[in-house]
Amino acid sequence: MKKSTIWILTIVMAVTFVGLLLVQIMYLDNIIKMRDDQFEEGVSRSLFWVSKQLEQDEVRHFIDEDVSQVEASSIYSQYSDGSTPHLGGIKYTFTTASGVEADLTIKGDADKITQIQSKTQSGLSGHFQSVQEALKDRYLYQKGLIDEVLVNILSQSCNRPIEERADTTVIRKYLKSQLENYGLRLPFEFAIVNRNGVTQYATSGYQTIEKTNNNTYTQGLFRTDTASKKYFIKVVFPSKKDYIMSSINFMLPSFAFTFVLLIIFVYIIVLTFRQKKLTEMKNDFINNMTHEFKTPISSISLAAQMLKDDTVRKSPSMMTHITTVIMDETKRLRFQVEKVLQMSMFDRNNTSMRLQEVDANAVVESVVRTFKLKVESYGGHLEASTKADDALVMVDEMHFTNVIFNLLDNAVKYRDEERPLELKVETSNLPDDKLQITISDNGIGIKKEDLKRIFEKFYRVSTGNLHDVKGFGLGLAYVEKIITALNGTIKVESEVNQGTKFIITLPLIKN
């Protein structure tokens, strides 16, 4: 798959996921707003209903009070048989023109009763006009009573203590009942305040909740009161947020599944790019391997053709030379094959290491002696400084030797052609009973973006068909594998055009 195709698919999937998340967030936001609007509507209607009930209760209070006063001041309440007086008024029984019997009771003070009685005694049973006049008088009297009640409400109601007009128990009962009618079954606290915001009285938990809760609902009480004596009821709901959020619980699994898909998608994209990069590196490896194998194979093939020549076979010196070339190139070919096989075995965790006690100083000096000629052939200088007093480590001597050899070989490959190569190998002891081996050079250095990847298999700073620096990209990967298997660490420090330093740390035997 082309890289551009992967990028197009990535962008399309990213836009799709972003759109899906935006739709879910918008839907969630709409649900929360709708739930909050429903809550506020229910609370507002409930508070208005409570306010109306309190006003009706107050009207009922004044009516009952006024009627009690009237009854207390009446001389007669009822004449049940025409001769026995009863407090409260006069009861008449009559038959209408249509033949229907009806009762009429007129309540009032003594003068009024006497007046009405004198009018009715002149012939109520025979004159319907007298009944009409009695009903009219009753209406006028009752209207006077109502007017009197209204005057009392307007003039006296606001002077009553607010605790009597709006009892805490009654308000809680009314408010709870009305909230439940709207499906709002959650705890609440309330307070009664005056027009200046001073609390007249409040429920036990109101003050604590009101300080930390910004969602306070207010409703005016007793609309007929003067502005200076206005009172308001304030209600807070400590669990409102939980109530609102409970409506979106069903959306949480949807978000969870979406994020899981997003994580999987990102992982697949990263894995795809990694696999593509690995494929490119393997292709580079195959190209480099073909180039590396071609030279020794060509040399061996040429030597074999020369052996067919009778003249060459008759010359012992030529035979010796050709034999040496074949052996050297075969050895070179075997070394490259072994390097590939070693990395393959490491990948399968199938490498067996023969650990033994080894003096690292001795190994370093041996490798330096062998490699010194190669460095000097390029006009360079190789120096060994074995300062470690204790250099006994438990390693596989062959692999440990290959590690030092590979690092020195890399230094030669990536030397700076414009100045003589300076190589230095140094051993030293660390305070925590560990051995440190430092290999430094003054080569071309490594770029920062390459430093993090130089230990990856097949990775080479110079890739593709550029063979100015030969190799498979396996040397440093092999080095890192060996050092890790020996319970050690390796790190690299480098600056472009300044040089590179590899630092190996291994535990001493006594540690």
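Is E41 buried, partly exposed or exposed? I looked it up: E41 has a relative accessible area of 40%, so E41 is partly exposed. The scale calls a residue buried under 20% relative accessible area, exposed over 50% and partly exposed in between, with a 1.4 Å probe and protein chains only.

**Ground rules.** I am working with a predicted model, where local features need pLDDT of at least 70, side-chain atom pairs count only at pLDDT 80 or more, and totals for chains, interfaces and linings use all residues. Residues are numbered from 1 along each chain as its sequence is written, and side-chain values use heavy atoms, with hydrogens and water left out.

**Salt bridges.** I stayed with E41. E41 forms a salt bridge with R45, and their closest N and O atoms are 2.7 Å apart. The rule asks for a side-chain nitrogen of Lys or Arg within 4 Å of a carboxyl oxygen of Asp or Glu. Side chains of opposite charge can pair when their charged atoms come close. Both E41 and R45 lie in helix α1, 4 residues apart, which is about one turn of the helix. I noted how elements are assigned: helices (H or I, at least four residues) and strands (E, at least two) are DSSP runs, numbered from the N terminus. R45 is partly exposed, at 45% relative accessibility.

How many salt bridges are there in the whole structure? My search found 8. I looked at R172 and E189 next, with their closest N and O atoms 3.8 Å apart. R172 is in helix α5 and E189 is in strand β3, so this pair ties together parts 17 residues apart in sequence. R172 is partly exposed at 32%, whereas E189 is buried at 17%. Then I checked K413 and D409, whose salt bridge spans 3.6 Å, N to O. They are 4 residues apart in helix α12, about one helical turn. D409 is buried at 12%, and K413 is partly exposed at 31%.

**A sheet of 4 strands.** An open sheet has the order β4-β3-β6-β5, with antiparallel pairing. Strands β4 (199-202) and β5 (216-221) stand at the edges with a single partner strand each, so one side of each has no neighbour in the sheet. From one strand to the next, the twist averages 25°. Two strands count as paired if DSSP finds at least two bridges between them. I found 3 bridges between β3 (residues 189-194) and β4.

**Strand β10.** I moved on to β10 (residues 422-430), which runs parallel to β8 (residues 381-386), joined by 6 bridges. E383 has K424 in β10 as its bridge partner. On to β11 (residues 434-441): 8 bridges join β10 to β11, and these two run antiparallel. N429 has L435 in β11 as its partner. The hairpin has 3 residues between the strands, and D433 there takes a positive phi near 60°.

**Aromatic rings.** Rings of Phe, Tyr and Trp (its six-membered ring) pair if their centres lie within 6.5 Å; planes under 30 degrees apart are stacked, over 60 edge-to-face, the rest tilted. The count is 10 aromatic pairs. In W7 and F273 the centres are 5.0 Å apart and the planes at 55°, so I wrote down "tilted". W7 is in helix α1 and F273 in helix α8 (residues 252-307), 266 residues apart. F273 also turned up beside T10, which touches F265, I269 and F273, not counting residues up to four places away in sequence. Contact here means heavy atoms within 4.5 Å. T10 is buried at 13%.

Technical notes: Axes are lines fitted to C-alpha atoms, for helices over the stretch in contact, and angles run from 0 to 180 degrees between N-to-C directions.
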